[in-house]
Amino acid sequence: MKLLTCSNTCPRWDGGTLRPRSPGGLAPMLVALLQEGGGDWIFTAPPGLQGTSPVRLADGVGLHPIDLPDEVRHHHYDVISIRLLLGLLHYMHDTSAEPVFDDGMLESWAAYETVNRMYAKRLGELAGNTADEHVLINDPHLMLVPEFFDAEFGVRRNRLAAFLGTPWVEPDYYSVLPAWMRTRLLESLLRCDVVGFHCERWAEAFLACCARFLPGARIEGRTVTCAGRTTRVVAVPFPVDHDVLDRMRHEPATARWAKRLAETAGGRRMMVRADRLDLWKNLPRGFLAYERMLARRPELAGRCWFAAVVTTPSRAAGRHLDYRRRTESIVERINARFGGEAATLIYPGPGDDSRNCVVAALGMSRAALVNSTYDGLNLFAKEAAYLLSDDAALLLSVNAGVHDQLGPYATGLDPFDLDQMSTAMEEALDGPATGPGEACRQVLRAESPLAWARAVFAAG
């Protein structure tokens, strides 16, 4: 299967070979697919990348960085992709005040169009437009690429899929966007043969938006016919690379982290979470629920330790910094109130061993916490389900996309209910806990990037 793919995510390569960054997610999966059958990857060049000419690697994979001027990058990425679209798709907007579609927003939207057109042009130059060619567009950053790419051909013969790793919102919330914008995004995505999501809930929400905002569309089951094109909407979660996790268990960096964490835990039962500092990860409420548990059972402060492994976004904004300060303030209050170090924020910093920290923590924890308000998938939950011992619990938000798959093996959390979350924490940390277990691990071992791609492209 020849693959052409584009994403905002930048790959990592060394010595002519692609190197995955983590045991799962978009970048490692694209690496595996490209190394399986060859192809080309178009991506936004990060600031400071040495050289933006195409690179042909030893395994036949072509890398094509798109260089963006700083101002265009800011409008496309910061304003539209992150603040507007990711804010929308994760239900993060305070609609009493935002978003505001003024001249500044229109200027940013023009830059969003420009970047999407650049991607589509590069895709068109690389495409052979043959039936065995598969084109995969990722990220809400590129939702207009299908419109521009489809226009490159009189008759398109290749297979075109857009996969969104985010949630999709219900029609009432999607109507935050003005009519011209929400309609155009939907119509662009429906130029694809397949539109994919991580879970059934997000697929159903997308179909509901098509039904409400595209009067000419005909929806039959999971198929949308619009403007003479037929699109299949699918739910296929990303796989976790269990082979990488197995290897990381035995790496020296994992052993170093395990020693460090064990020294801090001091024999206490450990609960861990690992998140990027995204607003929808819901870190503050997680610590507030833990504080509520300790207020109800103060003696647990000396027997339990809650550690959060946190990484910062590459372009953290003021809102992220406020969020971090609020989380740190809650942690400081917990430790001052209950003494010692009942809770800890761990910032591993840049470098490969941040994932080793997570692997080490999961191997020694009594519980893993995922309490996202809304999450497209949540890869950490799959890592936890694979690595936790059989007497360790996975506490999983029902609003995480991965709950569709892992719900039978986890304790479901209402991410807005502090009492419910604190009770679940107490039961996991102070009572007999049951982990996801071998049945769940067998489900995860059956996954692979190639099986994922076949499921997506075969659906149209």
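**Reading strands and their partners**

Q: This is a predicted model. Which residue stands opposite Val370 in strand 17?
A: Val370 stands opposite Leu396 there.

Q: How does the chain cross from strand 16 to strand 17?
A: The path goes through helix 13, residues 379–387. This β-α-β crossover is right-handed.

Q: How do strands of a sheet pair in general?
A: They pair through backbone hydrogen bonds, either parallel or antiparallel. Here, strand 16 and strand 17 (residues 393–397) run parallel, joined by four bridges.

Q: How many bridges join strand 13 to strand 16?
A: Two bridges join them, and these strands also run parallel. Strand 13 covers residues 269–276. Met271 has Ala367 as its bridge partner in strand 16.

Q: Which way do the residues of strand 16 point, and are they buried or exposed?
A: Ala367 and Leu369 point one way, Ala368 and Val370 the other. All of them are buried, that is, under 20% relative accessible area.

Q: What is the strand order in the open sheet of 10 strands?
A: The order is 5-6-4-1-7-8-9-12-11-10, with mixed pairing. At the edges are strand 5 (55–56) and strand 10 (218–220), each pairing on one side only.

Q: Which strands of the sheet does helix 3 touch?
A: Helix 3 (residues 103–126) packs on the sheet and touches strand 1 (2–7), strand 4 (39–44), strand 6 (61–66) and strand 7. The direction of helix 3 makes about 165° with that of strand 4.

Q: How do strand 7 and strand 8 run?
A: Strand 7 (residues 133–138) and strand 8 (residues 159–163) run parallel, with five bridges joining them. His134 has Arg159 as its bridge partner in strand 8.

Technical notes:
Residues are numbered from 1 along each chain as its sequence is written. This is a predicted model: local features need pLDDT of at least 70, side-chain atom pairs count only at pLDDT 80 or more; totals for chains, interfaces and linings use all residues. Side-chain values use heavy atoms; hydrogens and water are left out. Buried means under 20% relative accessible area, exposed over 50%, partly exposed in between (1.4 Å probe, protein chains only). Two strands pair if DSSP finds at least two bridges between them. A crossover is right-handed if, with the strands pointing away from the viewer, the path from the first strand over the helix to the second runs clockwise. Contact means heavy atoms within 4.5 Å. Axes are lines fitted to C-alpha atoms, for helices over the stretch in contact, and angles run from 0 to 180 degrees between N-to-C directions.
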